[in-house]
Amino acid sequence: MIDSNNIVRRLWRRWDTRIALVAIVLYLGAALYGEAVYRWHKTHDSTAPYNLVRDQYRYVPPGFFNPVGRGLPEGAPFYPLGSDNLGRDVLQRLIQGTRIAFHVGIITSLIAIPLGVLLGCLGGYCGGRVDAFVVWLCATVASMPGLLFILAIAMIAGRGLTGIYLGIGLTTWVSVCRNLRGEVMKHREHAYVQAARMLGYSHFRIIFRHILPNVAHIVLIAFSIRFPASVATEVFISFLGIGVQGEPSWGIMINNARLRLWQGVWWEMTFVTLAIFVLVLAFNHLADALRDMLDPALRSEKIQ
Amino acid sequence: MKHYIIHRFLVMLPTTMGVLLLTFLLFNVVGGSPAEVVLGKNATAEALAVFDARHKYDMPLILGRWSGVRALQNVSSTRLKFDRRSAMAEVPLGYGLPAGIYRLNASRAFLSLRRIADNFDDEVMIDAPGEAVVFTVPRGWKVVRLLADGVAGRNLSLEQKNSAWWDTQFVHYVCSLFRGDFGVSTEYRVPVTRIIKEGVGPSLSLTIPILVGGTLLGVMLGLLCAAWRGGWVDHVILVVSTILMSVNYVIWVLAGQFILAFKLKLFPIWGYESTAYLVLPVLIGIFSGLGRDVRFFRAAILDEVYKPYVRTAQAKGLSGMRIMTRHVLRNSLIPVITYVSLSIPFMFTGSLLLESFFGIPGLGSVSINAINSSDMVVVRAIVIMGALFYQVVNLITDLCYAWLDPRVRLS
């Protein structure tokens, strides 16, 4: 059974996971702010700050390198993290990138995890033909060449975020399904499940009301692993130009920045890299901590 | 052993079939009609139908006797034109129906036939007591006008009869794959098999060193971690590998190329001319995967460290080094080999980003180009090849296990 209060308290007690939690909350705040900005400018049909082109202020270095009044004319806009090739604010674009990263992380998880949970529970609980079908489906999808298959789905679904959601979501449910299936199989033999069956509860109720809460930690761990992986994959796909179109995703920013890196415009690349790195690192670390805490099977990995 | 081999082959069959079915559904059904992909959006319905007939795309998808025809396009029964003279509804045909057996869900049909050789016209009226009108267009004739009665209030459907229920697109697709026919690239107009043959070599020259180097380095670091478990060496390696794991792959490639090749000029930047050109991509490949590998190998080795035989060996007074390399390493090789063998099939499909950024003409850069130019045939071929290789390598790994370990084949 997951006690979310207890988990957060235990994660908060350690200094390293506390930093990871704070970082994730900060990113979440940035993503929410980005969403608000995006929505506001969409409803008011105005140019959002991250798309505001200022031709006269291209490649302005970050604010702390070039304070207003030194080198720049009076009344120049302040760029905390510099500006890009069209004079757009890198900070604003980074925040929009965070928004897209959270969209991708959450929506792909919303596709992959329910799919994996449903199939894993059914296969593990029913056994027999249903299980054989689930195992077959898992084996089939698992033998596809990962990234290329995601790219193919994204290409067929059409360039854009929908393609990314479907591509990542429809390929990554396999690991969730396999873990959950094994765990549900173990629980099927437990006394509490047999008692529920004796009481005449429906199979549906036994699976989703009795077994699922007991294996929910696997779902939580799966989410904490899937989220950073999806974000990293989205960066890769958008970098290749198959993903997000016309919005400042981190992958697109890297692709823009790399062309001017050779001319010494380092800030855009550095800050995007840092933004991705810190988010993924925080999530990876949190995933490790959660796994150590919640999964007894993997606890041997932790050193006493 | 013989029984195990047969059993293992039988287990492989449904998965292979699943792979073929999944790729078929993804590329040939969801991906849109291949005829429209090849001929473009502005092709006439007749040209599309001719293309379909030639490549057997006019067959039912997976199983069945009837399949829809292209002649009938975007029709809803409410908008049918009414023919006053015969008091029947006009079925809009995109082109003259060629020879074949057709089924129309109407109670009565009126056909205007035309002999193609001399434009001789003929007319036939067919009454159907049952649900649908079935008519045959003889060889050398085509239907130029089709009127139907009793179609009001339902969706019109005009279907062509197939020679056999198993003679379908999917079966044709599987057969052509088994013959080694992966289709022709829409971008380069050459058979895909040739593109794959040319690309496998460069891909392997990149991925084999990455796999071997990455595994050796990873196992060594994993052993170090396990030997000093809980100590500072273990902690440092673990923290560093988590950090390495969190660096995006794109960044690895860009930073490696920019800093090591462009700024420090240690390696050539781009090209595929000598071994020197491969050093940097191989290094990047190894280090980008190292974090995950080390963590996995460390966990695999630690699983063994606490087993009783290790304690026995310690009690007998063996040195720590000897226990680690002779006893623990050997036993932990099983998960390690499984882990490594699962990445062997993807060596053939190459590394997408490394190849296109370092100008290595392997299957990775071929795939990227194909995706950028929407060359579905090439993407499909590489996906299928990767998946089939996966099946084969899995089979070989399992057979090796069974050969090495009697418990596997007897259980």
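Colleague: As I understand it, a residue is buried if 20 or more other C-beta atoms, placed from the backbone, lie within 10 Å of its own, exposed if 12 or fewer, and partly exposed in between. So is A:Trp40 buried or exposed?

Modeller: A:Trp40 is exposed, because 11 other C-beta atoms lie within 10 Å. Bear in mind that this is a predicted model: local features need pLDDT of at least 70, side-chain atom pairs count only at pLDDT 80 or more, and totals for chains, interfaces and linings use all residues. Residues are numbered from 1 along each chain as its sequence is written, while chains are lettered from A and ligands numbered from 1 in the order in which they are written.

Colleague: Thanks! Where is A:Trp40 placed?

Modeller: A:Trp40 belongs to helix 2 (residues 15-43) of chain A. Helices (H or I, at least four residues) and strands (E, at least two) are DSSP runs, numbered from the N terminus. Between the C-alpha atoms of A:Trp40 and A:Arg188 there are 50 Å, and the two are 148 residues apart along the chain.

Colleague: Why is helix 6 of chain A largely enclosed?

Modeller: Helix 6 (residues 161-169) of chain A is largely enclosed by the rest of the structure because 7 of its 9 residues are buried. Among them are A:Leu161, A:Ile164, A:Tyr165 and A:Ile168. The buried residues of this helix pack against helix 3 (90-126), helix 5 (146-157) and helix 10 (216-239) of chain A; contact here takes C-beta atoms within 7 Å, again placed from the backbone.

Colleague: And the largest nonpolar core: which residues touch the most other members?

Modeller: Those are A:Leu151, A:Val272 and B:Val250, in a core of 127 residues. Helix 3 of chain A gives this core its largest share, 14 residues. By core I mean a set of buried Ala, Val, Leu, Ile, Met, Phe, Trp, Tyr and Cys residues joined through C-beta atoms within 7 Å. Leaving out neighbours within four places in sequence, A:Val272 is in contact with A:Leu94, A:Trp250, A:Met253, A:Ile254 and A:Ala257.

Colleague: Moving on, how many residues does the contact take from chain B and from chain A?

Modeller: Chain B gives 40 residues and chain A gives 34 residues. On the chain B side, the helices that each supply at least two residues include helix 1 (2-30), helix 8 (276-305) and helix 14 (376-404). That side has 26 nonpolar, 12 polar and 2 charged residues, with Ala, Val, Leu, Ile, Met, Phe, Trp, Tyr, Cys and Pro counted as nonpolar, Asp, Glu, Lys and Arg as charged, and the others, Gly among them, as polar.

Colleague: What about the open sheet in chain B, in what order do its strands run?

Modeller: The order of its 4 strands is 1-9-4-7, with antiparallel pairing. Strand 1 (66-68) and strand 7 (133-137) are the edges, each pairing on one side only. Two strands pair if DSSP finds at least two bridges between them. Strands 1 and 9 (residues 158-161) have 3 bridges, and B:Gly68 has B:Glu159 as its bridge partner.

Colleague: How many buried residues does strand 6 of chain B have?

Modeller: The count is 0 among 7 residues, so to speak hardly covered, for strand 6 (residues 121-127) of chain B. Strand 6 pairs with strand 5 (residues 108-115) of chain B in the antiparallel sense over 7 bridges, and B:Ser112 stands opposite B:Glu123. In their hairpin, with 5 residues between the strands, B:Asn119 takes a positive phi near 55°.

Note on methods. Two residues are in contact if their C-beta atoms, placed from the backbone, lie within 7 Å.
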